[in-house]
Every structure is written in structure tokens, then in C-alpha cells.
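Please read it with the sequence and the model side by side.

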Amino acid sequence: MKVGLIGLGNMGSGMAANLLKGGHEVTVYNRTPGKAQSLAEQGARVAAQVADACQGDAVITILADDQAVESVVFGDAGASSGGVVGSLARGAIHVSSSTISVALAEKMTAAHAENGQRFVSATVFGRPEAAAAAKLFVTVAGAADAVEECMPLFESIGQRSFRFGEKPSAANLIKLSGNFLISTVIESLGEAMALVAKAGLDQHQYLDFLTSSLFNAPIYKTYGGLIAGKKFEPAGFVAPLGFKDNRLVLAAAETLHVPLPMASLIYNRFLTLMAHGGQSLDWSAISQGAAEDAGLVGFAGGK
């Protein structure tokens with residue numbers, strides 16, 4: 001396919017590289033042009049502006065938050081001209097892989113329909129190393145014809161795709177719920193490790209037991225290792241983005257009238273981490289709140 005990709009952060013760069021390996025004709029755009037250099041060397045065309053990345057069959061956006069997505073999709077001035085909506089051909093597809101609010105996904109669905117374009121939400125699960133290895137899990141929602149056309153793209157970036165119907169925002173809710181679950185694993189691991197550490201037991205030995213028995217799952221191995229080793233830098237997923245996702249899942253829950261008590265607790269873990277200067281740390285650093293509560297260590301973000 002002829003595809004554009006907008007956003008060359010930790011996830012987007014790996015995704016673009018794998019689209020190239022998959023044989024697609026790829027045009028990339030990033031606000032900081034230097035990030036596109038290595039992809040240009042691999043065969044990507046580098047766009048000078050958003051519109052240049054929207055001239056193909058589809059364009060993928062993978063950006064940090066609602067504000068960044070709105071700026072790119074609707075144009076910096078809030079108008080359609082200059083953004084994805086104003087540049088994409090009729091019948092072409094915008095694939096949003098960003099972790100954004102359900103409300104913004106619904107707004108983009110309506111805007112693209114009004115302009116005769118198609119919109120698909122294809123959110124991705126996996127850390128940057130999974131993006132680089134084409135091992136992402138992709139949750140997809142949108143019109144069946146549009147999703148089917150984009151399957152070769154998803155096959156290039158991920159190990160498996162899951163469809164959740166024709167309403168694009170469904171995939172965004174799935175993504176937010178998934179990140180909420182990851183954050184609860186981080187919190188519960190932090191609490192359990194604080195408990196055994198306070199008793200003088202070795203956290204690494206404890207983690208080996210957990211992941212060799214009842215909790216033999218990648219999520220426990222990955223985050224358990226980060227927590228036991230206090231390996232919060234360099235961040236695979238920075239804490240402010242985790243905090244943003246926590247706020248978005250609480251907003252979705254409020255709209256649907258669904259209490260999420262754990263999400264409220266984790267909200268305050270993130271807020272405490274931010275207050276202690278942890279903005280550059282991996283989001284798994286919220287686990288250190290339990291250690292501090294137990295009197296074990298100073299907070300991970302403290303200076």
C-alpha cells in the first residue's frame with residue numbers, strides 16, 4: 001500500500017520501519033525532521049508537511065495525546081485545511097493508532113465521514129521493543145471494508161489483530177481499558193514486593209517464583225523486572241503518558257457511569273510521582289509509592 005505515517009516517537013519509528021520491510025511505500029512526517037533520517041536511509045520518503053503524508057491509500061497517526069492528534073488532524077488553527085481531514089483524498093483511510101479519548105475518536109469519525117473519507121481506530125499494545133520487532137497486538141474498529149483494506153498494514157506491524165466492530169471508538173475504549181489493567185498490575189506488584197521486601201525477602205527471587213508459577217505472563221515478567229530492579233530510566237513509556245491514559249479511562253468511566261476505584265487510587269500514585277519530579281521516569285515507577293508507604297525507600301522521582 002501507499003501509506004503515510006505521522007509521528008516518529010518510540011512507537012512510530014518502529015512501526016514505520018516494519019511497514020517498509022513489509023513492502024509498503026511509506027511517507028513519514030514528524031515535527032522534528034531529524035527523527036526521519038534513519039527511515040529515509042531505509043527507503044522512506046520524508047514529508048515536509050502533514051499534507052504530503054496524506055497522498056496515498058491511507059495515513060497512520062501515532063501521536064502522544066489528544067492535543068497533538070487534533071492539531072495534526074484538523075490543522076493547527078483548528079480548521080480542516082492543512083490537516084489530515086483537509087488533505088486526505090475522498091475514500092482514503094485515516095488509521096489512528098494513538099491512545100486518545102473516546103470523545104476525540106468520535107469527533108474524527110464524524111469529520112472524516114463528512115469529507116467522504118474513512119476512519120479506522122487501530123490501537124496498539126506493546127512497548128517500543130515490540131514495535132521494533134513487529135510484535136504489537138492491534139485492536140481494530142471501523143467499517144468492515146476499510147478495516148479489510150488496512151489488514152496488510154496491521155500484519156506488517158503486529159503479530160495479531162483483533163476486531164471490535166464498526167464503531168471506531170470501541171478500539172479506543174479497549175486500549176484505555178487495557179492500559180488501566182496494566183497500571184493495576186504495576187500497582188499490585190509494587191504493593192506485593194513492598195510486603196516481601198519489608199520482611200527481608202529478596203524481590204528478584206520472589207518475582208522468579210511468581211512468573212514461574214501462577215503469574216507466568218509477559219506483563220508480570222516485564223514490569224516485575226522493572227520494579228525489582230528499579231529500572232525506570234530510560235523510560236519505555238513515560239509516566240506523564242501513563243497519567244494521561246489514567247485520566248482518559250476515568251473520563252470514559254464517568255460518561256458510562258462505571259466506578260473504577262483502582263483507577264482513582266492509581267490517579268493519585270501518578271500525581272504523587274509527578275509532584276516528586278518523576279516526569280522522565282517509566283510509568284512503572286508508580287510502584288515505588290507502595291515502597292515509600294512501607295517506609296522502605298525515598299520516592300523514585302525524588303531528587
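Arg127 and Asp282 are both buried, and these two residues form a salt bridge in which the closest N and O atoms are 2.9 Å apart. The model is a predicted one, and the count of salt bridges in it comes to ten.

- The salt bridge between Arg127 and Asp282 links distant parts of the chain, since the two residues are 155 residues apart.
- Arg127 lies in the loop between strand 6 (118–125) and helix 6 (128–132), whereas Asp282 lies in the loop between helix 12 (261–275) and helix 13 (288–293).

**A pair between helix 12 and helix 8**

- Arg269 forms a salt bridge with Glu187, and the closest N and O atoms of this pair are 3.0 Å apart.
- Here too distant parts of the chain are linked, with Arg269 in helix 12 and Glu187 in helix 8, 82 residues apart.
- Arg269 has a relative accessible area of 15% and is therefore buried, the cut-off being under 20%.
- Glu187, at 1% relative accessibility, likewise counts as buried.

- Glu70 and Lys107 form a salt bridge whose closest N and O atoms are 2.6 Å apart.
- Glu70 belongs to helix 3 (residues 66–74) and Lys107 to helix 5 (residues 102–114), so that the pair links parts of the chain that are distant, 37 residues apart.
- Glu70 is partly exposed, with a relative accessible area of 29%, and Lys107 also counts as partly exposed, at 42% relative accessibility.

**Packing of helix 8 against helix 11**

- Helix 8 (residues 169–198) packs with helix 11 (residues 239–256) at an angle of about 120 degrees, and their axes are 9 Å apart.
- The crossing of the two helices is left-handed.
- On the helix 8 side the contact involves Leu173, Leu176, Ser177, Asn179 and Phe180, which meet Asp245, Leu248, Val249, Ala252 and Leu256 in helix 11.
- The residues of this contact divide into seven nonpolar, two polar and one charged.

Conventions:
Residues are numbered from 1 along each chain as its sequence is written. This is a predicted model: local features need pLDDT of at least 70, side-chain atom pairs count only at pLDDT 80 or more; totals for chains, interfaces and linings use all residues. Side-chain values use heavy atoms; hydrogens and water are left out. Axes are lines fitted to C-alpha atoms, for helices over the stretch in contact, and angles run from 0 to 180 degrees between N-to-C directions. Helices (H or I, at least four residues) and strands (E, at least two) are DSSP runs, numbered from the N terminus. A crossing is left-handed if the near helix is turned anticlockwise from the far one by less than a right angle, and right-handed if clockwise. Contact means heavy atoms within 4.5 Å. Ala, Val, Leu, Ile, Met, Phe, Trp, Tyr, Cys and Pro count as nonpolar, Asp, Glu, Lys and Arg as charged, and the others, Gly among them, as polar. A salt bridge is a side-chain nitrogen of Lys or Arg within 4 Å of a carboxyl oxygen of Asp or Glu. Buried means under 20% relative accessible area, exposed over 50%, partly exposed in between (1.4 Å probe, protein chains only).
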